[in-house]
Amino acid sequence: MQPDTKICSCSIIGTGSYVPARVLTNDDLSKFVDTSDEWITTRTGIKERHIAADDEATSDMATKAALKALEAAGVKAEEIDLIIVATVTPDMFFPSTACLVQKKIGAMNAVCFDISAACSGFLYALQTARHYINSGTRGTALVIGAEKLSSLINWKDRNTCVLFGDAAGAVVVRRAEPGDTSAPGRVLSTVMGSDGNLADLLKVPGGGSACPITAENAESRPNTIHMEGRETFKHAVTRMCQAAEQALKQAGLETKDISLVIPHQANARIISAIADRLGVPEEKTYMNLQKYGNTSAATIPVALDEAHRSGRLQRGDVVLLVAFGGGFTWASTVMIW
Ligand SMILES: CC(C)(COP(=O)(O)OP(=O)(O)OC[C@H]1O[C@@H](n2cnc3c(N)ncnc32)[C@H](O)[C@@H]1OP(=O)(O)O)[C@@H](O)C(=O)NCCC(=O)NCCS
């Protein structure tokens, strides 16, 4: 894993999130698939998830999260000159979901594109925005993780349908001058990695150019999530621990300095294993997957917004973000809140 070169800081000046109104509990699921609240709770920690309305697309959820982040930052849409949306559930192949958000919020001075890195997408997008901002080519970015994973679920597959949900989270990012310790949400370090050799362990095989949906294959639902759960679990723990340790080292910090770890919310057992290996006590580990399930690129920005708004995060806290997802991809970011 190649740590990214240390670059100037950027600052998160506002956060926002949105979850759709409809709640699907474990008991609701057990009415139409062979599962139980007991199995899902003990194996994953998930109790319920939110499911978008039929006419609610990823860009709609992203827009709601973005507007809250802009309001929190006190920034007008016209001031945004970069929008990056991390998603594996874009509204459509093109235009990008970022362009659709641009239109909906009226951010007409922005350059807009999407990033596809599955559950690591938000941290990939944040690091991309950081590079743009620190190179001086862009000044104020909107970075969004948004997913309508319910659109990729085979509701007959109990191995996967119990795990995922829909949500969006957003942050507004600005340059922080080197040495400006008063700037909030300063990113200190980020490491990222990928391993395409393991692409088959977690994927949506159909619906793209390799396997378009046809009348013949539609029945087998190739455009839904396929996952080797146990293998994914093992790689997730290993890679997230390595990434977190490297990001801490790059920031010149140690585990004892961490105020809060916000890990990707896939499985409570994965989160416990990471906390254990890193030596971080449970009370310094953020978990909200019981309410939302795994919302892929949205988990970290939603958790960040919740932790901030609930007062769990205080100015000056050292926050470690860490994610893992299909690809495989992984990333970790250390920041001072
Ligand atoms: C998916 C996951 C929860 C499954 O837990 P697990 O302990 O590995 O369970 P297994 O897949 O080994 O399945 C154990 C048994 O439970 C069954 N099972 C699977 N899903 C079930 C469900 N929803 N309800 C009831 N039983 C279920 C399996 O069929 C299997 O039965 P068998 O022993 O008779 O064959 C777990 O592997 C996981 O979280 N993996 C990582 C997921 C992840 O992080 N994905 C996203 C990364 S971004």
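Local features need pLDDT of at least 70 and side-chain atom pairs count only at pLDDT 80 or more, whereas totals for chains, interfaces and linings use all residues of the predicted model. Residues are numbered from 1 along each chain as its sequence is written, and side-chain values use heavy atoms, with hydrogens and water left out.

| Protein atom | Ligand atom | Distance |
|---|---|---|
| Gly229, polar backbone atom | nitrogen | 3.0 Å |
| Arg230, polar side-chain atom | oxygen | 2.5 Å |

Around the ligand stand 24 residues, of which Thr35, Arg43, Arg158, Arg230 and Asn267 are the closest; a residue is near a molecule if one of its heavy atoms lies within 4 Å of it. By class, this shell has ten nonpolar, nine polar and five charged residues, where Ala, Val, Leu, Ile, Met, Phe, Trp, Tyr, Cys and Pro count as nonpolar, Asp, Glu, Lys and Arg as charged, and the others, Gly among them, as polar. At least two shell residues come from each of helix H2 (37-44), helix H6 (158-161), helix H7 (229-250), helix H8 (268-278) and strand E12 (318-325), and H7 gives the most, with four residues. These elements are DSSP runs numbered from the N terminus, helices being H or I with at least four residues and strands E with at least two.

The largest nonpolar core has 44 residues, and those with the most contacts inside it are Leu29, Met240, Ile270, Leu320 and Val334. Such a core is a set of buried Ala, Val, Leu, Ile, Met, Phe, Trp, Tyr and Cys residues joined through side-chain atoms within 4.5 Å, with buried meaning under 20% relative accessible area, exposed over 50%, and partly exposed in between (1.4 Å probe, protein chains only). H7, H8, E12 and strand E13 (329-336) each supply at least two residues of this core, the largest share, eight residues, coming from H7. Apart from residues up to four places away in sequence, Met240 touches Ile270, Ile274, Val322, Ala323 and Phe324, contact meaning heavy atoms within 4.5 Å. A second, separate core of 34 residues includes Ala125, Ala303, Ala307 and Ala331.

Several loops carry backbone features of note. A cis peptide bond with omega of about 5 degrees joins Phe94 and Pro95, and Pro95 lies in the loop between strand E4 (82-86) and helix H4 (97-105). Another cis peptide bond, with omega of about -15 degrees, joins Gly327 and Phe328, where Phe328 belongs to the loop between E12 and E13. Although not a glycine, Ala118 has a positive phi of about 50 degrees; Ala118 lies in the loop between strand E5 (111-115) and helix H5 (121-135) and is buried, with a relative accessible area of 15%.

Note on methods:
Polar contact = N/O pair within 3.5 Å; in protein donor to acceptor, adjacent residues only side chain to side chain.
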